[in-house]
Amino acid sequence: MNFLFFNTIRKRVITIRTTRYLLRRGFATHPTMDSIKVHNSLKPGGPVPFVPIEKGKVSWYACGPTVYDQSHLGHARNYVSTDIIRRILMHYFGFNVKFVMNFTDVDDKIIIKARRQRLLDLEKQKNYTDAEILELGKAAFRAYAENNLPKLLEGEGELDVNNYIPRRDAAYGHVLAGGTLTGEGKPGDAEAKLKMHISNMTAAVIAINGNQVFKGADEILLPYLDSLYKETIDTSDQSIFTDLTRFMEGEFTNDMDALNVLRPDVVTRVTEYVPQIAKFVEKIVEKGFAYEAEGSVYFDIAAFEKAGNTYAKLRPESRNDKALQEEGEGSLSKSLGGKRGAGDFALWKKSKPGEPYWPSKWGNGRPGWHIECSVMASDVLGPRMDLHSGGIDLAFPHHDNELAQSEAYFCEHGHEHTWVNYFLHMGHLSISGSKMSKSLKNFQTIKDALASTYTARSMRIVFLLGRWNDGVEISPDMRTQADNWEITVNNFFTNVKSLLAEANGTTTAINDGVKALSISDDKPREDLRADLEQAKKEVEEALINSFDTPAVLRAIGEVIRKANIHINAHKDDTDLPALEAIARWITKIVGILGLDANAKPPYEGIGWVSAAAAANLDPSTAVQPYKEVYKTFYSEVQALDLPASETITNLYSQLPDPEFDSLVNAGTRDPEQLALPYLRAVARLRDELRRLAPTTSPETKKSILALSDRVRNYDLSNLGVYLDDRTDQPSLIKFIPAAELIAQREEKAAKEAEKARAKEEARRAREKAEEEKWEKAKLAPEDMFKGDERYGEWDAEGIPTKMKDGSEVPKSQLKKLKKDWERQKKAHGEYQAKFGGGKA
C-alpha cells in the first residue's frame with residue numbers, strides 16, 4: 001500500500017470518527033435546545049427560558065430598514081448581530097427558523113428625501129441669473145437658520161454670510177468645543193444634531209461666497225425649496241418615490257451580502273401591502289380601538305386600555321415622551337389634527353398635496369409607520385410569533401405601537417392577546433456619545449467602512465466582542481482586541497494545517513493519526529483533549545445564556561493559547577490528532593458565527609475556506625498556478641551546476657502528478673489539498689538545495705540562494721503560500737492570504753529601502769563632514785585670524801595682539817584664540833601629512 005492509499009483511508013476514517021464524535025457532543029442531537037435563555041424586552045431583567053410555539057421551529061420577524069439613504073455602521077450593528085443569533089439558532093441548536101424582514105418603502109423620510117431631490121433638480125433647470133441664484137441661496141440660508149439655529153438670529157441687524165461665523169461662535173461655540181447645550185453632562189444626540197445643522201450652514205456660507213450655490217448648499221436649499229413648492233409635485237406618478245426606494249433597497253441588500261448576512265426567507269414591502277393595511281385598520285376601527293378624524297385614522301389608547309389591554313409594554317416609562325411620539329408620527333404629520341388623546345398614533349394618514357396616496361374608505365391616504373409591520377408580520381407568520389427584533393431605538397414608540405394595534409386586531413371577547421413572545425432589541429452603536437444615525441449625519445456608510453477600515457470579518461468580530469443587547473461604542477482598544485483575536489485564530493489555523501501537511505508525508509504518521517483519533521467517551525480526557533472538552537462546555541454555556549458571544553470568543557482564545565503552548569513545548573511529539581480536533585471544532589464555531597463568508601454548513605474542514613475553494617473550480621484549473629511554479633522551479637534547478645546528490649536525483653523522479661490524480665479521484669476539491677503534492681515537491685527540493693549550498697562554488701551558492709528566496713518570497717507568496725524555514729527541519733507549508741503575504745513583502749522591502757536610504761544619507765553626511773574638515777584644515781594657522789576685521793595687529797604666528805581700535809586683546813579672549821590656533825595647527829599638520837601640502 002502506498003502513501004496515497006493511506007491518505008485516502010485516513011481522511012475517510014477521520015470523517016467518520018469526527019462525525020460520530022460531534023454527534024455525541026451536541027452539534028446534531030441538540031440536547032441543550034430546551035435550555036436556552038434569552039433576554040426578552042417584554043420581561044425586563046435577566047434572561048428567561050426560550051420556549052418556541054412549536055418545538056424545534058422559530059418564527060421571527062425583524063424590522064428592516066427605511067430605504068431612503070445609504071446604510072451605515074449602525075445598521076451593520078443591528079443586522080449583523082441579528083444574523084449571528086439567527087445562525088446560532090439554526091446551525092448550533094438546529095432550529096428550523098422562518099425569518100421574515102420588511103423594507104419600509106413608504107415613510108415620511110422617504111417622501112421628503114425624494115420630493116426635495118426632485119424639486120432641486122427642477123430648480124437647477126430654471127434659467128436663473130447668477131445674481132438670482134445668489135439671492136436664492138441667501139434666502140434658503142436665512143430660512144434654515146430660523147428653523148434650526150434660532151440663536152443665530154439674535155443680535156443687531158440681519159443674519160448674513162458675512163456675520164455668520166462670529167454669531168455662530170458666540171451662540172454655539174461652547175457646543176462646537178465639546179460642551180453641551182445645557183452646560184451639564186456629556187454631549188449626546190441633541191448636540192450631534194446641532195453640529196450637523198452648523199456644518200450644513202457653514203458649507204452653505206462657503207458655497208454662497210464662492211458663487212457655487214447649486215454645488216455646495218444642497219442641505220439648506222432642499223428644505224427651503226420644499227417649503228415653497230412641495231404641493232406642486234404630481235404624486236399620481238409614484239415613481240418619484242419608488243425610484244429612490246428600489247435603488248436604496250438594492251444598495252442595502254448589497255451591503256448585507258458584503259457583510260455575510262444571510263438573506264431573509266421572506267421579504268415584504270409596504271407598497272405591496274397597502275390594501276391589506278387598509279383592511280387591517282378597518283377591523284381595528286370596527287372593534288372600537290381606533291377612530292377616524294379629518295381623513296386620518298388614529299389608534300385609541302384609552303379605549304384599548306379600558307378593554308383590559310396594556311399599552312407600552314416595552315417602555316412604559318416613555319409613553320408620555322412627546323419627542324419620541326412626534327418622531328414616531330413623522331415630520332409630515334405635525335399638521336394632522338383630530339386626535340382624542342395626546343399619545344394616540346396614526347394608523348392611516350390623510351395624504352396632503354405632494355405626498356403619495358392610495359384609496360381607502362376614509363379618502364386618499366397612506367399607511368402610518370407602525371401599522372406596516374403589524375400587517376406584514378401577521379400575514380406571513382400569523383397571529384402569534386416567537387421572535388420580533390430590531391434596534392433598541394424602535395422599542396418606543398414603534399414596537400410598543402405595533403404590539404398595541406396587533407393585539408387590538410387579534411384580541412377576542414376582552415381577552416388580551418399575545419402577538420409576540422420574545423422581543424429582541426439590538427444595542428446602539430455610538431460615536432462620540434451619540435447614536436449613529438442617518439438623521440444626525442454622524443455615520444460612516446458600510447461601503448466606506450469596508451473600503452477603508454474594516455473587513456466583513458473584522459467588523460463582525462467587533463460586534464461579537466459585545467453582548468448583542470448592549471450598547472457598543474467602537475474604541476481603538478476594541479479594534480485592537482478584535483484584530484488580535486483574528487490574528488490569533490488565523491495563525492492557529494495556519495500552523496495546524498502546516499503541521500498536518502508535514503505529517504501527511506509519512507505512512508507512519510497517517511496510521512498513528514487514525515489510531516489516535518479513535519476517541520471513546522469512556523476514555524479519560526487528558527491535556528489538549530481535556531482543554532477541548534472544557535472549551536466546548538464553556539461555549540455551550542455561553543450560547544445557552546442569551547447568546548453570550550464575548551464568552552465564546554474568550555473560550556476559543558483560551559483553547560488556542562493552550563494549544564500553542566503544547567506546540568512550542570512538544571516539537572518532537574506534538575499531539576496532532578488533538579490539535580486537528582481543536583482546529584476542526586473552532587472552524588465549526590467560527591462558521592456558525594458567520595465569520596467565514598466562503599463556508600457553508602455544516603462547516604467541516606480546518607480554517608477559513610478560500611475563495612477558490614468556494615468557487616468549486618475544476619481541479620486542474622485550481623492547481624494550475626501551483627503546478628507552473630513546480631515546473632519552473634524544477635527546470636531552473638536542473639540548470640544549476642550542482643554536485644552529485646542522490647536525494648535530488650530521487651526528488652526528480654518523484655513526480656507529484658499521480659498523487660494529485662488520486663486526490664481528484666477521491667473527490668477532493670479543496671485547492672489547498674490539491675496543491676499540496678506540488679508544494680511538497682517544491683519545498684523538499686528547495687530544502688535540499690539550501691542544504692547543498694555551502695558545499696558549492698561561490699557563484700553556484702549565490703544562484704541557489706537567489707532562486708530559493710525568489711520561489712519563497714515571490715512565486716509562492718503570490719499564490720498565498722509561505723514556506724516557513726526551520727533550522728535542521730523541513731520547511732513548513734503555510735497557506736496565508738496572498739494579499740497578506742504581498743503586503744508583508746512590500747512592508748519589508750519598504751523598511752529595507754528606508755534603511756538603505758538612511759545608510760546612504762549617513763554615508764553622504766560623513767563624506768561631507770570629512771570634506772569640510774579637510775577644507776578647514778587646509779588653512780595654515782598663521783593665516784586663520786588675518787581676515788578677522790576685529791583685530792589690527794598680529795604676531796609672527798598670526799595670533800592677534802591688538803584690537804582694531806589699538807587696544808590690547810583681552811587676556812580671556814587671547815587665551816581662547818591660542819587654543820583655537822593650536823587646534824588649527826594640529827589639523828593643518830594632519831592635512832599636510834595626508835595630502836603632502838597639495839589640495840584635498
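**A helix and its surroundings**

Tutor: Aspartate 321 caps the N-terminal end of helix α12, with a side-chain oxygen 3.1 Å from the backbone nitrogen of alanine 323. Such a polar contact is a pair of N or O atoms within 3.5 Å; within protein, one must be able to donate a hydrogen and the other to accept it, and residues adjacent in sequence count only if both atoms are side-chain atoms. Helices (H or I, at least four residues) and strands (E, at least two) are DSSP runs, numbered from the N terminus. This is a predicted model, in which local features need pLDDT of at least 70 and side-chain atom pairs count only at pLDDT 80 or more, while totals for chains, interfaces and linings use all residues. Residues are numbered from 1 along each chain as its sequence is written, and side-chain values use heavy atoms, with hydrogens and water left out.

Student: Which residues of α12 are buried?

Tutor: In α12, residues 322–329, the buried residues are Gln325, Gly328 and Glu329. They lie on the same side of α12 because they cover an arc of only 100° around the axis; the arc is that of the directions from the helix axis to the C-beta atoms. Buried means under 20% relative accessible area, exposed over 50%, and partly exposed in between (1.4 Å probe, protein chains only).

Student: And what sits on the face turned away from the buried side of α12?

Tutor: That face carries the exposed residues Ala323 and Glu327. The buried residues of α12 are covered by elements including α3 (108–124), β7, β8 (346–350), α13 (369–381) and α14 (395–410).

Student: What follows α12?

Tutor: Glycine 330 follows, and its phi is positive, near 100°.

Student: Let us turn to strands. How do β6 and β7 run?

Tutor: They run antiparallel, and 4 bridges join β6 (residues 290–293) to β7 (residues 296–299). Two strands pair if DSSP finds at least two bridges between them. Glutamate 292 stands opposite valine 297 in β7. The hairpin of β6 and β7 has 2 residues between the strands, and glutamate 294 there takes a positive phi near 55°.

Student: Why is β10 described as largely enclosed?

Tutor: Strand β10 (residues 385–391) is largely enclosed by the rest of the structure because 7 of its 7 residues are buried. Strand β3 (residues 57–62) pairs with β10 in the parallel sense over 3 bridges, and tyrosine 61 stands opposite histidine 388 in β10. Strand β11 (residues 420–426) also runs parallel to β10, joined by 6 bridges. Methionine 385 has valine 420 in β11 as its bridge partner.

Student: How many residues are in the largest nonpolar core?

Tutor: That core has 131 residues, and those with the most contacts inside it are Trp60, Leu89, Met201, Phe492, Ile556 and Ile586. Its largest share, 10 residues, comes from helix α21 (residues 576–592). A second, separate core of 46 residues includes Val106, Val281, Trp362 and Met385. A nonpolar core is a set of buried Ala, Val, Leu, Ile, Met, Phe, Trp, Tyr and Cys residues joined through side-chain atoms within 4.5 Å.

Student: What does isoleucine 556 touch?

Tutor: Not counting residues up to four places away in sequence, isoleucine 556 touches Trp485, Val489, Trp585, Ile586, Ile589 and Val590.

Student: Where are the cis peptide bonds? I would start with proline 397 and proline 602.

Tutor: The bond from phenylalanine 396 to proline 397 is cis, with omega near 5°, and proline 397 is in helix α14. The bond from proline 601 to proline 602 is also cis, with omega near 10°. Proline 602 is in the loop between α21 and α22 (611–615).

Student: Finally, what is the average pLDDT of the chain?

Tutor: The chain averages a pLDDT of 90, and 92% of the residues score at least 70. The term pLDDT is the predictor's confidence in each residue, from 0 to 100. Over residues 1–29 the pLDDT is below 50, and over residues 506–525 it stays under 50.

Note on methods
Contact means heavy atoms within 4.5 Å.
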